[in-house]
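Some notes on the side-chain contacts and pockets follow. Please read them with the coordinates open.

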Amino acid sequence: MIIVMEPGSKDEYRQAVISEIEELGYQAHVIIGVERTVVACVGHEDKTPLQHIASMPGVEQVIPILKPFKLASRETKAESSVIDVGGVLIGGQELTVMAGPCSVESEEQVLTIARAVKAAGAKILRGGAFKPRTSPYSFQGMGEDGLKILATARDETGLKVVTEVVSLRELDLCLEYADMLQIGARNCQNYPLLREIGMSQRPVLFKRGMSTTIKEYLQAAEYMLSEGNYSVVLCERGIRTFEDATRFTLDLNAVPVIKSQTHLPLIVDPSHGTGVWRYVTPMAKAGVACGADGLMIEVHPKPKEAASDGPQALKPDTFTELMREVRKVAESVGRTLPGAPEE
Ligand code: PEP
Ligand code: MN
């Protein structure tokens with residue numbers, strides 16, 4: 001449930017509410033909104049011991065939260081959250097694009113792509129140094145050498161870096177190099193990993209599992225919020241259906257549904273969502289049209305030689321064209337997409 005404080009109520013009243021919640025064995029999370037401050041109370045299902053908080057000084061009202069994802073819910077925080085990744089904002093009026101190769105393969109490959117996607121308006125460089133591959137015999141990523149390459153590209157271009165943490169074992173290493181940690185579809189319900197990443201406080205790009213319902217997905221995100229990490233960006237990347245003309249079925253229904261149920265930003269990944277480079281631009285436009293806060297796009301200078309996900313990679317020129325087309329759609333729905341940065 002949430003405890004809504006009266007507008008302008010004293011800090012000591014809020015502190016008294018927090019102490020009372022904690023003494024009763026629940027966790028208190030303070031959420032400061034533009035209009036009001038609320039104290040969200042999470043813990044055991046039974047909230048009856050907390051009812052008397054309604055009569056404490058400075059408290060306006062006590063409201064039960066019906067959704068199982070309490071801190072992620074719009075019932076708790078009505079305003080959309082804007083997540084700050086080293087100065088790059090996600091969730092505001094401006095769309096944020098993350099682009100780069102599926103896997104880091106070499107310094108030359110990453111630098112070529114980083115320069116091109118920056119010139120087209122991307123703000124965050126993606127690239128996997130640890131890869132969750134379907135076959136144990138496929139390329140598993142360059143490991144720490146790959147992280148170093150991403151850091152070099154960040155130093156040269158100023159792009160922020162997002163990279164996937166495949167298991168708890170690599171978390172500390174990824175924390176050394178990445179501005180944002182990616183949790184992949186296959187780890188969407190890896191609760192111990194979600195908790196640790198929650199504790200790390202680093203911004204997270206959290207991909208939907210290919211078989212998770214929206215309700216399960218948002219409860220999984222709640223794991224990180226419950227550890228105090230509110231910097232979570234969601235990502236619709238396609239779900240498994242009977243359709244096999246595309247790699248996954250990009251569930252764009254999820255965009256308005258998720259945006260109505262949570263204050264967290266949501267981006268769309270049409271690269272994994274379709275698995276076919278030709279369909280990436282149309283679905284990127286569709287994602288923006290229905291309310292996504294940004295995009296994740298895989299780009300490779302030589303898709304045929306890519307170590308992973310070549311068939312869905314856009315060449316740099318096609319990516320630049322995607323950005324031009326998405327910009328028109330963005331404007332028609334009241335959003336903006338940055339262009340080439342000013343030097
Ligand atoms: C990726 O981003 O390269 C990736 C492995 O994505 P997903 O977890 O969505 O399959
Ligand atoms: Mn990939």
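Which residue lies over the face of Phe248?

1. Arg237 does, at 4.1 Å from the ring centre. Note that the model is predicted.

2. Two aromatic pairs turn up in a search of the whole structure. One of them, Tyr191 with Tyr223, is stacked, with 4.5 Å centre to centre and 20° between the planes. Tyr191 belongs to helix 5 (residues 191-200) and Tyr223 to helix 6 (residues 214-226), so this contact ties together parts 32 residues apart in sequence. Tyr191 is partly exposed, at 31% relative accessibility, and Tyr223 is also partly exposed, at 25%.

3. The pair Phe206 and Tyr217 is tilted, because the planes stand at 40°, with ring centres 5.2 Å apart. Phe206 sits in strand 11 (residues 204-207) and Tyr217 in helix 6, 11 residues apart. Both residues, Phe206 and Tyr217, are buried.

4. The largest pocket has a volume of about 490 Å³. Domain 1 (2-63) and domain 2 (83-332) both contribute to its lining, so the pocket lies between them. Its lining comprises 21 residues, with Val42, Gly43, Glu45, Pro68 and Lys70 nearest the centre. Helix 6 gives the largest share, five residues; strand 3 (37-42) and helix 5 each supply at least two. By class, the lining has nine nonpolar, six polar and six charged residues.

5. The second largest pocket holds about 260 Å³ of space. Of its 19 lining residues, Pro132, Arg186, Arg247, His272 and Asp309 lie nearest the centre. This lining divides into nine charged, seven polar and three nonpolar residues.

Technical notes
Residues are numbered from 1 along each chain as its sequence is written. Chains are lettered from A and ligands numbered from 1 in the order in which they are written. This is a predicted model: local features need pLDDT of at least 70, side-chain atom pairs count only at pLDDT 80 or more; totals for chains, interfaces and linings use all residues. Side-chain values use heavy atoms; hydrogens and water are left out. Rings of Phe, Tyr and Trp (its six-membered ring) pair if their centres lie within 6.5 Å; planes under 30 degrees apart count as stacked, over 60 as edge-to-face and the rest as tilted. Helices (H or I, at least four residues) and strands (E, at least two) are DSSP runs, numbered from the N terminus. Buried means under 20% relative accessible area, exposed over 50%, partly exposed in between (1.4 Å probe, protein chains only). A charge sits over a ring if NZ of Lys or CZ of Arg is within 6 Å of the ring centre and within 35 degrees of the ring normal. On a 1 Å grid over the protein atoms alone, a cavity is a set of points where a 1.4 Å probe fits but cannot get out, and a pocket is an open set with protein on both sides within 12 Å along at least five of seven lines; lining residues have an atom within 4 Å of a point. Grid points are joined across faces, edges and corners, and a volume is the space filled by probe spheres set on the points. Ala, Val, Leu, Ile, Met, Phe, Trp, Tyr, Cys and Pro count as nonpolar, Asp, Glu, Lys and Arg as charged, and the others, Gly among them, as polar. Domain bounds come from an automatic or database domain assignment.
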